[in-house]
Amino acid sequence: MKTTFVTAVCLTAAIAAHATCDKSLDEFPALPGEDDAARIQRAVNALPEGSLYIPKGVYRMSSTLMVTNRCSIELNRGATLRAEKALEYVVKVDARPIWRTWNLFFNGGIIDGNGLASCMALDGFSPFYMRNVTFLNGKKFGLRVNGEAGGGGIFANDLYFRCTMRGLAGNTALYSSGCDGTYTDCLAVDWTTGFRMDGGGNRLTGCHAWGGTVPPREGGRFPEMLESSVCFHIAGWHNLVRDCYADTATIGYLVEGGGVQILGSWFLNNTTFKLDDIVIVDQRGGDLVVADCRFSNSPGTKVYRGRPGTKVSWSNNVYCGFGNGDDLPGAARYVCNDRNLKEPVCTEADRWEYVQDEAGIVYESPAGEYLGKRKSRPVVIRVASEEMNRMFPNAGAGREVVIRARATTPDTKTVEVSFTQNDGFTWGTNLALRAEWTETRIPLSELKYFSHWRKTGDKTPPPGGLDARKIDRITLFYGIWLCRDSAERPHGFEVSSIRIVGRKAQ
């Protein structure tokens with residue numbers, strides 16, 4: 001009775017697995033002399049408008065499975081299509097003859113290149129759906145999406161890319177030259193390049209690339225797939241990388257396209273593998289936004305490398321394990337520890353920091369800019385007051401503002417710095433500038449109340465001076481009142497960081 005029950009459950013599961021498919025491969029028994037590849041090809045050819053279910057088992061592929069009709073494929077999770085000899089691809093879906101057909105899919109199972117072939121190519125699609133597919137040991141690619149063949153709009157989720165064999169260095173888990181694709185919750189383990197987007201308008205969400213399990217090549221210093229490795233290579237335009245994880249690589253995010261956004265993403269280097277000369281974000285062209293990310297430090301890590309003329313915007317990033325003197329672009333808060341700080345131990349709640357890239361924020365005016373009607377130019381840095389309120393448990397007693405700045409023209413000696421609360425009250429000071437970079441420390445208690453900034457309401461300042469919990473914006477002002485004797489000459493200044501620091505209560 002027990003045996004009958006188990007058999008019934010298995011039979012029910014098997015039926016449910018391909019209930020939505022028109023035919024099962026079981027309905028196409030092998031013909032005399034026909035191998036697995038020929039048998040599956042015959043089944044696909046018989047379903048030009050249908051879908052094929054492939055049951056559990058290992059299918060030895062001696063030739064590429066070509067899907068050039070409207071056949072969709074559903075593999076059992078235990079079904080493996082494995083290359084048995086050198087092939088370009090194990091599976092190739094070429095939808096160009098039927099371009100602009102809808103709701104085609106390829107789901108489930110394992111495509112194993114076996115070190116002899118790339119796993120799968122998709123040519124021409126509009127749209128195409130994929131889910132729960134595993135790509136193993138692709139010689140050059142796990143999945144290659146060919147946008148040059150025409151089409152756009154692949155929707156893929158829960159794809160798993162894995163290499164376990166030596167000798168495959170230089171390959172790419174997911175390569176797409178297609179446009180308008182959506183890739184969600186995909187994992188690439190031990191590919192030299194995890195995800196490469198050459199097409200435009202693609203969205204990577206929740207994708208994770210990491211390596212280190214394949215041993216080093218003979219004479220190699222690092223695990224084979226980590227040499228010259230890149231987690232995310234974004235070469236196309238207007239691509240979005242959101243909530244992704246670059247985990248152990250020579251380059252975390254390599255950006256060559258324009259209009260690229262990296263949002264809410266992470267970088268971590270596993271120090272077990274002793275990688276050096278690591279760059280988290282390597283920008284080689286176009287414009288880039290990096291925001292709300294978390295980057296962790298290890299020996300030999302550089303946050304950013306860019307080329308002259310590239311444009312990058314950084315904001316609200318969290319850094320863990322970096323030193324006080326490290327270049328940390330767009331840090332909205334700073335995670336620190338006693339191993340790498342020159343100051344006493346602090347926590348995230350003790351420090352707010354705004355940092356630009358190495359070049360700083362540069363503001364320069366030509367001769368006579370501040371004469372006539374335009375007497376000043378403000379540089380406004382917005383601050384999330386709710387974040388300040390969370391980070392500072394008190395109003396700011398004993399805290400200091402630390403500003404790193406320099407003059408970029410000989411006649412520029414001063415810039416005005418002000419801190420405005422969310423209730424409109426403002427405090428500030430004049431900051432002396434030199435030609436060389438200088439850090440100036442100013443206790444918050446020594447900032448002067450700027451009554452002229454409060455346009456409406458009671459101008460009487462609240463007791464205690466500037467309240468760090470309420471800071472809403474920081475303004476850098478260069479105006480004619482600062483350079484009356486040299487207003488007709490060019491002026492400029494550069495600011496690379498503004499920090500509010502404080503020590504833990506003893």
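Me: How many disulfides does a search of the whole structure find?

Reply: The search finds zero disulfides, a disulfide being a pair of cysteine sulfur atoms within 2.5 Å. In general, a disulfide is a covalent bond between the sulfur atoms of two cysteines.

Me: What kind of model is this, and how are the residues numbered?

Reply: It is a predicted model, in which local features need pLDDT of at least 70 and side-chain atom pairs count only at pLDDT 80 or more, while totals for chains, interfaces and linings use all residues. Residues are numbered from 1 along each chain as its sequence is written, and side-chain values use heavy atoms, with hydrogens and water left out.

Me: Where is Cys71 in the chain, and what is it in contact with?

Reply: Cys71 is in the loop between S4 and S5. Leaving aside neighbours within four places in sequence, Cys71 is in contact (heavy atoms within 4.5 Å) with Val44, Leu47, Pro48, Gly50 and Leu52. Gly50 is 21 residues from Cys71 along the chain, and their C-alpha atoms are separated by 5.1 Å.

Me: How many helices and strands are there?

Reply: The protein chain has three helices and 44 strands. Both are DSSP runs numbered from the N terminus: H or I of at least four residues for helices, E of at least two for strands.

Me: Which residues of H2 are buried, and what do they pack against?

Reply: H2 covers residues 36–45, and its buried residues are Ala37, Arg39, Ile40, Gln41, Ala43 and Val44. They pack against strands S2 (51–54), S3 (57–61), S4 (65–67), S5 (72–75) and S6 (79–83).

Me: What about the chain as a whole: how much of it is buried?

Reply: Of its 506 residues, 53% count as buried. Among contacts between residues at least 6 apart in sequence, 63% join residues at least 24 apart.

Me: Different topic. How many cavities of 30 Å³ or more are there?

Reply: The count comes to four. A cavity is a set of points, on a 1 Å grid over the protein atoms alone, where a 1.4 Å probe fits but cannot get out, and lining residues have an atom within 4 Å of a point. Grid points are joined across faces, edges and corners, and a volume is the space filled by probe spheres set on the points.

Me: How much space lies in the largest cavity, and what lines it?

Reply: The largest cavity holds about 80 Å³. Its lining has 17 residues, of which Trp191, Ala209, Trp210, Val230 and Cys231 lie nearest its centre. Strands S18 (187–189), S19 (193–197), S21 (208–210) and S22 (230–234) each supply at least two residues of that lining.

Methods. Buried < 20%, exposed > 50% of the residue type's maximum accessible area, 1.4 Å probe, protein only. 1 Å grid on protein atoms, 1.4 Å probe; cavity = no way out; pocket = protein on both sides within 12 Å on 5 of 7 lines; lining within 4 Å.
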